[in-house]
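Dear colleague,

Please find below the structure that I am handing over to you. My notes on it follow directly after.

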Amino acid sequence: MRDRTIMQLIRRTSLRCGTRLHDIIKGASGLSAYEQYLGHLHARHPDALPMSREEFFRADVEARWDGVRRCC
Amino acid sequence: MKKLIGIAVAVIGAFAVSGIAINRGEPINALWILTAAVCLYTIGYRFYAAWITARVLSIDATRATPAERLDNGRDFVPTPRWVVFGHHFAAIAGPGPLIGPTLAAQFGYLPGTLWILIGSVLGGCVQDMVILFLSTRRNGRSLGQMARDELGQVGGLAAQFGTLAIMIILIAVLGLVVVNAMKHSPWASATVFATIPIAMLIGFYMRGIRPGRVLEASAIGITLLLFAVVGGGWVDQHPVLRTWFDHDGPALAWFVMGYGFIAAILPVWMLLAPRDYLSTFLKLGTVVLLAIAILIMQPELKMPALTRFIDGTGPIFSGKLFPFVFITIACGAVSGFHALISSGTTPKLIRTEADVRLVGYGSMMLESFVAIMAMIAATLLDPGVYFAINSSLAALGGTPEAAVATLTAWGFPVTTDQMQTLANEVGEATLFARTGGAPSLAVGMASIFSSVFGARLLAIWYHFAIMFEAVFILTTLDAGTRVGRFMVQDALGQLWEPLGRTSWYPSVILSSALVVTGWGYFLYVGVIDPFGGINILWPLFGIANQMLAGIALAVATAILLKSGRARYAWVTGLPLAWLAVVTSAAAWQKLFSLDPKIGFLAGASDLAGNLASGVLALDKAAVAGKLMVNLRIDAALTALFLLVLWIVILDMLRIGWRAYRGAPLASAAEAPYQRTQYAEAAGA
């Protein structure tokens, strides 16, 4: 009985850690950037016309390199 | 429970640090350093950074950030914390923390390691986080703008000048590192050249074929890069092909200049952006791999804790432990440059003030960890080998035979056979006098990797490490040229309006050419300098970088003083005081030391004297004139850096004094409070 609870706990924790790690990697690498943008636009600017995936990444590249964007 | 873990971490950390500090005479395991680093970072993040955010900055998670208030879906966008972390780390991650610690290892492993750890936890991470916070409270204003608002016109100008000057020196020194790594090495050159078309291919892939699939594109890119490393080996074996890639220093310097110019005028998506992705993933991957390899292999450091060169007679660069270890480590502990990224871009993405600690403090911790890895890789090598790779032959007697004799007499035994065997193993013609830090880091990394992942692959690992550094350096090189170009265009636009248009091609070409000429000059003189050039340029870069950190910390301190938080002003004030002492001492010695190896002016007059009396060898006499001019320019720059730093500090003190007396001050430019709409961020 107890063993099962512990096993469940371990499974749930590792699942949660795995999901969290996956989220972190997706977020930090910029993989989910477009989905994030769509979600954000939907929630905060519902009447704005969203950019296509291609347009979004073009704009993202321009924005990233406009000004001081790199260190030593 | 959390407290218990905290205490455990503190105890282990204290144990590891004292272990490193007390352990003398017998070799120390790299694991000690790794443990000390991880524990110190944890304590710094968990306690000191948390205390600063809560007490000193009074971070308020209910306060709407500019990203939320000014949300326009373009540059102001509330972004999840890990995405901001990724953006921010990619922008601050550069080759500096790989080079500085490698050079500073000439003093032994102890001073550099301690400064990387203490300097980052109490200085660098604090600077990044505080500036990020202050800029977030000011609608993402840049460091230059904040300096103008809080200190006045002079402070603003100083910050702008500092940025451009650092850019020029930084690019020159990085160019020199990459030239020295490729000099007469067909394998390294072929691999580095191959990274250019690979990056362009990825650029087209991400733009046209699969937009935004960064992991996919990076996986393809990194596979191709690995192939380029192996392919470089084939080129090296080929009797005809290898001659195409076998060049001397000046030829490669011209190539780097041409490359920088073309890369700076190409659209960013074609070369710069894709390579930036590749280099960030490569850096993270390699550092994690290194950490795992060190955990498995548990290597012992062969470098003593302190070497005899703390007296200032070091062959890699001259100057005593104080202040030059701090100037040399530079970006691995405190980097003024990060203040430019922490203000301006990143604050416009921060969704809640609660994320400031992770993004500001956390990403600098990771950057400092990279510096620790570089230090371990350098001190794992036999000290004799380390010095033979990193010193110019001129500093060790002129020939490889004289060099090994000098080093052995100094107590760092090494033989020419040993160096030749090592060079053969890594697939290079020679490893003597490969100054700049990249080859020695590559040998260190290769020896760690090959001992864990296969000893026969030493040459592959070596060139992988060279490629890894070159990818970073080339990214900084063209991004830096581009940044410099924007600044020059901004300035020229004041003279004649069309020159300020960033997309007008004649202006783009003119300003890029000006910037490339600026750093190209220092690079070229560095390449023809028989002492290797790094010994002059790196300290100059360190002084410039620490000066900019001083400006950033002075702005932060002025704001703390003005806003009634004077009793906490030491949080940025103490690092500022220390940097002011270190930078001034180093600049002073570089200017006025009578030792021609340290003082720029003494070096110039020594050269002039030798030239006049005819004791210089013919090849040295031919370049002596150029070197003399360069040394005097370096002296003028150093004097200017010193002056700028003190103008800003005095300005800060003036404002602090006025605040103390209750005299009227320009009001703090913080944006007014507005409650956040993000309920979860407010914790409600």
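**Nonpolar core**

The largest nonpolar core contains 244 residues, and I169(B), V173(B), L537(B) and V555(B) are those with the most contacts inside it. Such a core is a set of buried Ala, Val, Leu, Ile, Met, Phe, Trp, Tyr and Cys residues joined through C-beta atoms within 7 Å; buried denotes 20 or more other C-beta atoms within 10 Å of a residue's own, exposed 12 or fewer, and partly exposed the range in between, with C-beta atoms placed from the backbone. Helix α24 (residues 534-562) of chain B supplies the largest share of this core, 21 residues. Helices (H or I, at least four residues) and strands (E, at least two) are DSSP runs, numbered from the N terminus. Apart from neighbours within four places in sequence, V173(B) is in contact (C-beta atoms, placed from the backbone, within 7 Å) with I534(B), L537(B), W538(B) and F541(B).

This is a predicted model, in which local features need pLDDT of at least 70 and side-chain atom pairs count only at pLDDT 80 or more, while totals for chains, interfaces and linings use all residues. Residues are numbered from 1 along each chain as its sequence is written, and chains are lettered from A and ligands numbered from 1 in the order in which they are written.

**Interface of the chains**

In chain B, 38 residues are in contact with 27 residues of chain A. On the side of chain B that touches chain A, the largest share, 6 residues, comes from α4(B). The residues of that side comprise 23 nonpolar, 13 polar and 2 charged (Ala, Val, Leu, Ile, Met, Phe, Trp, Tyr, Cys and Pro count as nonpolar, Asp, Glu, Lys and Arg as charged, and the others, Gly among them, as polar).

**Backbone features**

Most residues other than glycine have a negative phi, and most peptide bonds are trans. F322(B) and P323(B) are joined by a cis peptide bond, with omega about 0°; P323(B) lies in helix α14 (residues 321-329) of chain B. Q298(B) sits in the loop between α13 and β2 (300-301) of chain B and is exposed, with 12 other C-beta atoms within 10 Å. A433(B) belongs to the loop between α20 (416-426) and α21 (438-453) of chain B and is buried, with 22 C-beta neighbours inside 10 Å.

Yours sincerely

Notes:
Contact = placed C-beta atoms within 7 Å.
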